Amino acid sequence: MISQLETAPHPETLRRVAIEPISRVEGHGKVTLLLDEDDHVRQARLHIVEFRGFEKFVQGRPFWEIPVMVQRLCGICPVSHHLAASKAMDQIVGVDHLTPTAEKLRRLMHYGQILQSHALHFFHLSSPDLLFGFDSDVAKRNIVGVAAEYPDIARQGVLLRKFGQEVIRITAGKRVHGTSAIPGGVNKNISKEERDFLLKDIYQIIGWSRDAVHLAARLFQQNLDLYNSFGRFRAHSLSLIRADGAMDLYHGGLRARDMDGRTLFDHVDYGHYRDHLGEQVKSWSYMKFPFFRDMGPDTGWYRVGPLARVTQCDFIPTPFADHERRDFLAFERGKPDGGAAGATLGYHWARMIEMLHAAELIKELLHDDDLLGADLVVTGERRERGIGVIEAPRGTLIHDYQVDDDDLVMTANLIVSTTHNNQAMNEAIRQVARQHLDGRKLTEGLLNHIEVAVRAFDPCLSCATHALGKMPLEVELLDAEGSRLDAVTRDLQGFC
Amino acid sequence: MTDNTFLLDGEEIPFQPGQTVIQAALAAGGYIPHLCYHPEFKPHGSCKVCTVKVNGRTAASCTLPAQAGLEVESDTDEINDLRRTLVQMLFAEGNHFCPSCEKSGNCTLQALGYDLGVMTAGFRHFFPDRPVDASHPDILLDFNRCILCELCVRASCEVDDKCVFALSGRGLGKHLVVNAESGLLADTDIALTDKAMEVCPVGVILKKRVGFAQPIGQRRYDPEPISAQALRDAPRPPAGAGHCAACEVEE
């Protein structure tokens with residue numbers, strides 16, 4: 001950990017460079033760098049500058065509204081919030097086990113979400129950096145440039161995402177912000193025609209997902225030194241895990257391992273998450289910094305998401321994805337500071353393995369007649385507290401509610417996936433700042449290295465969507481007195 | 001033109017003596033947008049969405065008696081602009097968060113907004129502070145969405161004979177209240193089977209613990225717009241000797 005780069009001793013003597021907003025990520029954030037007179041980086045911070053406030057304004061609302069209301073946190077993975085809140089509300093209505101039809105429909109929706117979100121991130125947001133190079137011509141470093149130079153890859157990315165969205169539409173009622181998960185179950189099944197509609201394409205989707213894993217692996221292997229070392233840091237990790245140790249993105253117990261792979265806790269009932277996870281607040285970011293309570297905030301921070309899940313599970317319960325997981329873990333294992341499993345850019349490879357896993361699971365479910373069942377909802381005895389946890393595309397997502405006797409929400413605590421990765425992302429940009437920017441004259445390409453490190457985590461900095469890497473970006477170079485020495489501006493068309 | 005017809009946008013509309021312009025128009029297949037008008041209750045004339053222009057002057061068609069020879073303008077840019085503005089004002093005045101409202105898809109205000117082409121609230125939102133009344137074990141009152149149509153007031157008094165609801169205050173301060181000393185719904189004799197439970201055109205009076213059980217696509221206004229449904233559902237005198245209670249007019 002290079003904590004000395006979090007806060008420089010005498011910031012007033014340093015000049016400030018801001019990357020604001022960071023492009024090709026979900027939501028709005030910025031990175032600030034403080035440099036001394038010799039261009040050495042003295043401070044690097046990832047700031048989340050938006051404030052959503054959902055925890056506050058769900059207070060006083062009836063509990064049955066919550067799964068539909070909180071999904072408005074996000075337009076990219078609303079299904080994750082919809083399902084995490086629904087799992088919490090299952091407990092509020094006293095339900096521990098859904099009907100097979102209800103659970104499988106929810107899982108199908110979730111796997112559609114994983115598929116479309118991972119495809120969006122890899123192909124639309126990150127492939128321009130990975131295919132063209134981090135400091136390649138900025139005019140073509142976007143999905144339009146990918147479509148021009150690698151039309152098959154771009155087309156597959158678009159169609160993979162489209163398929164995931166169709167799974168969501170059919171299970172949730174709409175492509176974005178559906179309503180089908182309700183406390184105690186779901187409000188609809190799917191028809192035979194809808195199932196056959198998805199079955200028609202699923203084998204092609206699995207094939208393309210395998211190609212995507214191999215593409216991510218090839219990119220890593222072709223640029224081995226860079227990918228291995230880029231923004232690399234050692235970290236603990238956290239994810240849900242099935243009772244038999246398998247990867248399970250919908251449900252399971254909490255598993256945490258330290259940076260040496262030793263188990264910190266395992267199969268913990270997520271209802272007790274507060275016993276193990278704490279949250280720290282820092283004055284310079286609206287995003288909290290979670291940590292393992294036993295270790296404290298300074299050393300107890302951790303990684304979540306595809307890299308944590310693929311490396312922590314004992315196996316992936318679908319054959320193609322598990323084969324890829326083994327290849328991924330074996331790659332460069334044993335070499336000092338080697339191995340994709342510990343590399344920041346290993347996230348992309350792991351993410352594609354999960355996309356393949358989701359596609360295989362969708363295929364399995366589409367052959368299950370329970371999806372057509374009519375037993376949709378169960379009821380139980382009302383409870384006061386409901387906690388729902390799910391593995392969202394970006395990592396572990398925690399929803400925690402208390403509901404009063406009049407059925408209104410009293411308190412809500414949401415720890416979203418990107419929040420868990422807050423310190424890890426800060427570590428990554430500090431490493432990259434030191435590795436690639438320190439002592440050099442800043443250029444757009446060099447600054448994009450910082451963004452490449454942030455993008456590896458696929459952060460959802462809030463919930464906004466934006467246009468294909470064409471976010472307006474202004475980088476200012478200020479002297480110690482705050483006077484502007486130089487500036488680079490990218491306009492709405494994405495040109496400098 | 002005969003003695004028992006008037007013109008609606010140039011079309012001849014027959015009427016029975018005692019009918020209002022909107023009753024005769026809907027029965028004859030002529031749609032006039034409306035919100036607080038309900039065929040089962042006495043006309044109220046408060047929301048003004050059914051405003052038409054008659055012989056050059058504006059009037060609420062739900063309270064205007066049909067008369068022979070009237071020349072009624074309804075489906076014109078001028079009148080529809082006025083209606084759109086009225087609906088926008090209702091959206092701006094309350095807290096209408098359709099995305100998480102259980103009534104979405106079944107809501108008359110929302111359906112009317114879509115049908116009139118309301119794209120924004122058009123005015124700065126008031127964002128009033130209106131706490132919900134969740135005191136009743138089975139019924140939730142969410143005042144945020146009230147448009148003061150008084151349908152629940154009318155239904156509770158005229159049909160249920162309970163008078164659970166009333167409007168209080170004047171002008172901007174006007175609001176829906178519960179007829180109980182405590183002001184809480186739990187202290188009234190309202191029941192889930194009351195007529196007042198089913199007439200709310202928006203999401204104020206809701207059965208508790210029922211949220212989004214009806215999927216998207218199966219909600220009332222999902223298959224066709226409110227204008228088509230209003231015409232299809234309009235009470236009409238039967239062709240034979242049957243009885244149409246909703247067609248009866250006051251003498």
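This is a predicted model: local features need pLDDT of at least 70, side-chain atom pairs count only at pLDDT 80 or more; totals for chains, interfaces and linings use all residues.
How many Å separate the centres of domain 1 of chain B and domain 2 of chain B, taken over C-alpha atoms? The value is 25 Å.

In chain B, the domain assignment gives domain 1 as residues 5-75 plus 225-247, and domain 2 as residues 98-207. Where these two meet, domain 1 of chain B brings 12 residues and domain 2 of chain B brings 15. On the domain 1 side, 8 of the residues are nonpolar and 4 are polar, with no charged residue.

One local point in chain B concerns the backbone. B:L148 has a positive phi of about 60 degrees, and it is not a glycine. For background, most residues other than glycine have a negative phi. B:L148 sits in the loop between β6 (139-141) and α4 (151-159) of chain B.

Next, the contact between the chains. Chain B contributes 18 residues and chain A contributes 19. The chain B side divides into 10 nonpolar, 5 polar and 3 charged residues.

Now chain A. Its two domains are domain 1, residues 3-51 plus 429-490, and domain 2, residues 54-177 plus 188-420. Taken over C-alpha atoms, the centres of these domains of chain A are 27 Å apart. The contact between them takes 30 residues from domain 1 of chain A and 35 residues from domain 2 of chain A. On the domain 1 side, at least two residues each come from β3 (41-48), α14 (422-437) and α15 (444-456) of chain A. The largest share of that side, 9 residues, belongs to α15(A). By class, the domain 1 side has 14 nonpolar, 8 polar and 8 charged residues.

That brings me to the packing. The largest nonpolar core has 137 residues, and the members touching the most others are A:L115 and A:I429. Which helix gives this core its largest share? That is α12(A), with 12 residues. Both domain 1 and domain 2 of chain A give residues to this core, so the core lies between them. As for A:I429, its contacts beyond four places in sequence are A:V31, A:A44, A:L46, A:I450, A:A453 and A:V454. A separate core of 60 residues includes B:V153, B:F165, B:V199 and B:I226.

Of its 15 residues, 15 are buried, so α3(A) is largely enclosed by the rest of the structure. After α3(A) comes A:G94, with a positive phi near 80 degrees.

The other is α4(A), residues 100-132. At 1.5 Å a residue, its 33 residues should span 48 Å, and the end C-alpha atoms are 46 Å apart, which agrees. Why call α4(A) largely enclosed by the rest of the structure? Because 27 of its 33 residues are buried. Just after α4(A), A:G133 takes a positive phi of about 110 degrees.

I finish with two loop residues of chain A. A:E332 is not a glycine, yet it has a positive phi of about 60 degrees. A:E332 is found in the loop between α11 (319-330) and α12 of chain A. It has 16 other C-beta atoms within 10 Å, so A:E332 is partly exposed.

The other residue is A:T379, in the loop between α12 (346-366) and β12 (385-392) of chain A. A:T379 has 12 other C-beta atoms within 10 Å and is exposed, because that class takes 12 or fewer. Leaving out residues up to four places away in sequence, A:T379 touches A:V93, A:V95 and A:G184. Its C-alpha is also 8.5 Å from that of A:P183, although A:T379 and A:P183 are 196 residues apart along the chain.

Technical notes
Residues are numbered from 1 along each chain as its sequence is written. Chains are lettered from A and ligands numbered from 1 in the order in which they are written. Two residues are in contact if their C-beta atoms, placed from the backbone, lie within 7 Å. Ala, Val, Leu, Ile, Met, Phe, Trp, Tyr, Cys and Pro count as nonpolar, Asp, Glu, Lys and Arg as charged, and the others, Gly among them, as polar. Helices (H or I, at least four residues) and strands (E, at least two) are DSSP runs, numbered from the N terminus. A residue is buried if 20 or more other C-beta atoms lie within 10 Å of its own, exposed if 12 or fewer, and partly exposed in between; C-beta atoms are placed from the backbone. The expected span of a helix is 1.5 Å times one less than its number of residues. Domain bounds come from an automatic or database domain assignment. A nonpolar core is a set of buried Ala, Val, Leu, Ile, Met, Phe, Trp, Tyr and Cys residues joined through C-beta atoms within 7 Å.
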